[in-house]
Amino acid sequence: MLKTIVIRVALGLLTLWAVSILIFGATEILPGDVASAVLGQGATPETLAVFRHELGLDRPSYVRYLEWFFNALHGDLGIAMTNKRVIVETIAPRLSNTLFLAGYAALIAVPTSVVLGIVAAINEGKFVDRFVNIISLMTISVPEFFIAYVLILYLAVQFEVFPSLSTVFPEMEFSEKIYMAALPAFTLTMLVMAHMLRMTRTSVLSIMSQPYIEMAFLKGLTRSQVIVRHALPNAAAPIISVIALNLAYLIVGVVVIEVVFVYPGIGQFMVDGVAKRDLPVVQACGLIFAGAFVGLNTVADVLAIMVNPRLRHPR
Amino acid sequence: MKLFGYKPPLTAWVGLAIITIFVLIAIFADFIAPYGEAESVGQTWDDPSFANWLGTDNIGRDLLSRLIYGARMTIGVALVTTILSFFIGITTGFMAAVGGPVIDQILSRLVDVMLSIPLLIFALIILSVFGSSISTLVLTLAILDSTRVFRLARAVATNLAVMEYVEAARLRGEGLWWIMRREILPNALPPMISEFGLRFCFNFLFVASLSFLGLGIQPPFADWGGMVRDNGKAISFGLSAPLWPAIAIATMTVGVNLVVDWILSINSRPSGASAEM
């Protein structure tokens, strides 16, 4: 089992490395180069040359890639093009804000969706099941900002329960942060809950057709007893990996939500960077997002291997 | 009432009706819209009135007209993206399945790496390099989205590539392109059709999200995601201006999903009409 896990983790690191090449390479596929793209048509050859030198673009691309990659490994993500500030210093507080928001949403979303999924499975085909199904289908098919604006309209404007803009500062009390970030956290929760809920329901139900479940019924146990005692432990593996996968989606969902609520996180920073075409910032944020995504996917696989004995021996 | 030999359930009819209405609105926007796309007709966020049924937007343009023109832009961009994405994805996917292990390995590993970067993040990186014109937007999204199509196309085609009739075509000396087009494609179509609907939904929401971030379709063109962004501030005054385009987006996605559900249920029926998947 240890060997399988080590191989999977190594594969994750390999993916991360390939991803870094792709992120760097994406900025190299321009017909001209970054300097001419940023400065536009009006640039004179002299300004172009100066700008290229300033960005270090007059060196071969593999040298720049290696330099960027090893600096990133040492925690140095370079300097922002627009305001010449060290990117790590700007990103660090924003990253912790984003992690706070994502963790907040995950803490609500994971227990709620697992419980609701089990409740839906227990009451399969009944009103509760159908209701939960319809609601989760709806949250899947609407854009994230729609949920956000509906929540703002009702919870912030009409009933003034929560603030509509979530500006948090490092000096804020923890409880105050929880209050300020409530709406973006609820929105994120609704985004990821649907998938987790449906997967929990499906995996519990697929176990329900097994012979040992029939046996449990024949012993005279009630439906909820069978599900909680017999079906759930065996449904745990797919549920756990679905949770980890959805946390990876949460990382991406954060981008749009942060913009809606003007939440000072890394997603908003990246969108600003894209709007200003500040490539070092975009690369740095992209690397962090992709790293979190690959990391969580690896964790999902490792957990699946640990929980499911059939995956421990690769064929 | 029957459609292509199948009887759609009520939900599918609702979905078809929504799609038809929206597409007609998109095509005939010039005739339906009461005002021009960028024509200023009132004050900022006027209340709904007889002249402006849904009121006006953040710079006094008629919201209903913007919504009607927005259908053309939002649906159009998503549709072109999806078609292009399917063309790229199916071509490369079939090539990976038919063209031998070397091509397969190269394409599959490249797609694996591309899939391990979240789509939105990847799109943001590329758009930051190229800037956001409609053609780069469509091309970027199509290439990124084609990785998803590639996976399905390759899986379907791998099953078909070992069939006797493909073998026969090979022995006849037919070329790779001919085999892909005449032997694989017709048999791979049924599962690809419902996938087309799903990918369209995804691209549609994705274009809307990018426009909402201000990085998708650029003004003066009206599009639903950008309209939500423009009118976002109105929500704190309790106005519904940003909700209309958001509702339009949601309705369209639900409509397509309803139809896709129906097509999926046909394909999963053991009628022989579906490919082996």
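From the N terminus on, chain A runs α-α-α-α-α-α-α-α-α-α-α-α-α, a count of 13 helices and 0 strands. Please keep in mind as you read that this is a predicted model. Chain B is built from helices as well: its sequence reads α-α-α-α-α-α-α-α-α-α, with 10 helices and 0 strands.

### The chains in numbers

The table sets out some overall values for each chain.

| Chain | Residues | Buried residues | C-alpha extent along the principal axes |
|---|---|---|---|
| Chain A | 315 residues | 39% buried | roughly 85 × 60 × 35 Å |
| Chain B | 277 residues | 45% buried | about 70 × 50 × 30 Å |

If you take the contacts in chain A with a separation of 6 or more, 71% of them join residues 24 or more positions apart. For chain B, the share of such contacts that falls to residues 24 or more positions apart is 68%.

### Where the chains meet

Let us turn to the place where the two chains touch. Chain A brings 39 residues to this contact, and chain B brings 32 residues. On the chain A side, five stretches can be picked out by eye: helix 1 (2-26), helix 7 (144-158), helix 11 (223-260), helix 12 (266-276) and helix 13 (279-307) each supply at least two residues of the side that touches chain B. Sorted by class, the residues on this side of chain A are 29 nonpolar, 8 polar and 2 charged.

### A helix pair inside chain A

A helix pair of chain A also deserves a visit. Two packed helices are described by the angle between their axes and the distance between the axes. For helix 5 (residues 87-122) and helix 6 (residues 127-141) of chain A, the axes come within 7 Å and cross at roughly 135°. Because of that angle, helix 5 of chain A is oblique to helix 6 of chain A. The crossing of helix 5 of chain A past helix 6 of chain A is left-handed.

Which residues make the contact between these two helices? From helix 5 of chain A come Leu116(A), Val119(A) and Ala120(A). Helix 6 of chain A answers with Val128(A), Asp129(A), Val132(A) and Asn133(A). By class, this contact of helix 5 with helix 6 of chain A has 5 nonpolar, 1 polar and 1 charged residues.

How values were computed
Residues are numbered from 1 along each chain as its sequence is written. Chains are lettered from A and ligands numbered from 1 in the order in which they are written. This is a predicted model: local features need pLDDT of at least 70, side-chain atom pairs count only at pLDDT 80 or more; totals for chains, interfaces and linings use all residues. Two residues are in contact if their C-beta atoms, placed from the backbone, lie within 7 Å. Helices (H or I, at least four residues) and strands (E, at least two) are DSSP runs, numbered from the N terminus. Ala, Val, Leu, Ile, Met, Phe, Trp, Tyr, Cys and Pro count as nonpolar, Asp, Glu, Lys and Arg as charged, and the others, Gly among them, as polar. Axes are lines fitted to C-alpha atoms, for helices over the stretch in contact, and angles run from 0 to 180 degrees between N-to-C directions. Angles under 35 degrees count as roughly parallel, over 145 as roughly antiparallel, 65 to 115 as roughly perpendicular and the rest as oblique. A crossing is left-handed if the near helix is turned anticlockwise from the far one by less than a right angle, and right-handed if clockwise. A residue is buried if 20 or more other C-beta atoms lie within 10 Å of its own, exposed if 12 or fewer, and partly exposed in between; C-beta atoms are placed from the backbone.
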